[in-house]
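Subject: Structure handover

Hello,

Here is the structure I promised to pass on. Please open it first, then read the notes below.

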Amino acid sequence: MGRDQRRVVRALVDAHGQTYAEEAGIRLKDTPQPLYRLLVLAHLLSARISASIAVAAARALGEARLRDPRRMAGADWQERVDALGRGGYRRYDERTATQLGDGAGLLTERWGGDLRRLREEADGEVPEVRRLLQEFPGVGPTGADIFLREAQLVWPEAAPYLDRKALRGAERLGLPAAPDRLVALAGRAEPAVLAAALVRAAVDKDVAEDTLDRADRPGDRSDG
């Protein structure tokens with residue numbers, strides 16, 4: 001007998017439904033500083049490094065007060081390297097420190113330090129937003145996907161944004177690899193929360209196994 005897919009999704013969201021921005025201590029709002037911090041987080045997460053280290057590095061940059069493009073661009077290169085190092089982000093720290101400085105300069109010069117202006121330039125068209133995001137040094141297709149996955153919480157025109165990694169998580173859990181169907185199964189859960197939970201299942205086998213175990217528990221009413 002197959003599992004109830006709605007129970008699986010509810011179990012996943014209930015246990016693992018934390019966005020990466022939230023984990024990094026970013027209170028995401030449609031204002032310049034949180035959106036910039038999300039861009040930095042997406043940049044860090046897109047490298048071949050564990051998500052926990054990328055999140056810790058984003059927190060360390062915040063603790064170093066490098067929370068807006070003006071401060072990031074104005075910081076000494078070594079200051080950026082040191083902050084990344086405190087977060088454990090050592091493998092790519094020197095290159096990333098340079099990219100963060102250059103990207104902050106680009107954001108300031110072209111969009112006045114405000115990613116909402118990038119959104120306006122794209123007329124809210126998600127493919128164009130995704131293309132423009134990739135103009136930032138170190139932010140390729142993966143980084144743009146991560147940003148939009150999380151930003152859909154405050155940029156509703158992007159929702160539902162479930163990229164290939166999120167859909168791999170759905171497949172690992174025996175769920176349909178179709179965004180609209182997954183959102184329907186998730187009920188009232190925010191698409192950004194669902195996306196983050198699916199990504200966690202994609203990258204961590206223990207998350208997937210825990211989710212399926214929870215969905216199979218007798219008397220579990222996570223579907224109700």
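To start with, is Tyr92 buried or exposed? Tyr92 is buried, because its relative accessible area is 14% and the cut-off for buried is under 20%. Keep in mind that this is a predicted model.

**Aromatic pairs**

A pair of aromatic rings is described by the distance of the centres and the angle of the planes. The structure holds three such pairs. One of them joins Tyr89 and Tyr92. Their ring centres are 6.4 Å apart, and the planes stand at 55°. That makes the pair tilted. Tyr89 has 0% relative accessibility, so Tyr89 counts as buried too.

Another of the pairs is formed by Phe147 and Trp155. Here the centres are 5.6 Å apart, with 65° between the planes. This pair is edge-to-face, because planes over 60 degrees apart count as such. Phe147 is buried, at a relative accessible area of 0%. Trp155 is buried as well, at 1%.

**Helix 4 and helix 6**

Next, a helix pair. Two packed helices are described by the angle between their axes and the distance between the axes. Helix 4 covers residues 51–63, and helix 6 covers residues 77–86. They pack at an angle of about 135°. Their axes are 7 Å apart. Helix 4 and helix 6 are therefore oblique to each other. The crossing of helix 4 past helix 6 is right-handed.

Which residues of helix 4 meet helix 6? They are Ala57, Ala60 and Leu61. On the helix 6 side, the contact involves Arg80, Ala83, Leu84 and Arg86. Sorted by type, the residues of this contact are five nonpolar and two charged, with no polar ones.

**Pro137**

Last, a loop residue. Where does Pro137 lie? Pro137 sits in the loop between helix 9 (126–133) and helix 10 (141–151). Pro137 is partly exposed, because its relative accessible area is 27%, which falls between the 20% and 50% cut-offs.

What does Pro137 touch, leaving aside its neighbours within four places in sequence? Pro137 is in contact with His43, Gln99, Asp102 and Gly103. Take His43 from that list. Pro137 and His43 are 94 residues apart along the chain. Their C-alpha atoms are separated by 8.8 Å.

Tyr92 is a handy place to begin browsing: find its ring, then find its partner Tyr89.

Best wishes

How values were computed. Residues numbered from 1 in each chain as written. Predicted model: local features only at pLDDT ≥ 70, side-chain atom pairs only at ≥ 80, totals over all residues. Heavy atoms only, no water. Axes fitted to C-alpha atoms, helices over the stretch in contact; angles between N-to-C directions. Helix = DSSP H or I, 4+ residues; strand = E, 2+ residues; numbered from the N terminus. Parallel < 35°, antiparallel > 145°, perpendicular 65-115°, else oblique. Left-handed = near helix turned anticlockwise from the far one by under 90°. Contact = heavy atoms within 4.5 Å. Nonpolar A, V, L, I, M, F, W, Y, C, P; charged D, E, K, R; others polar. Phe/Tyr/Trp six-rings, centres within 6.5 Å; stacked < 30°, edge-to-face > 60°. Buried < 20%, exposed > 50% of the residue type's maximum accessible area, 1.4 Å probe, protein only.
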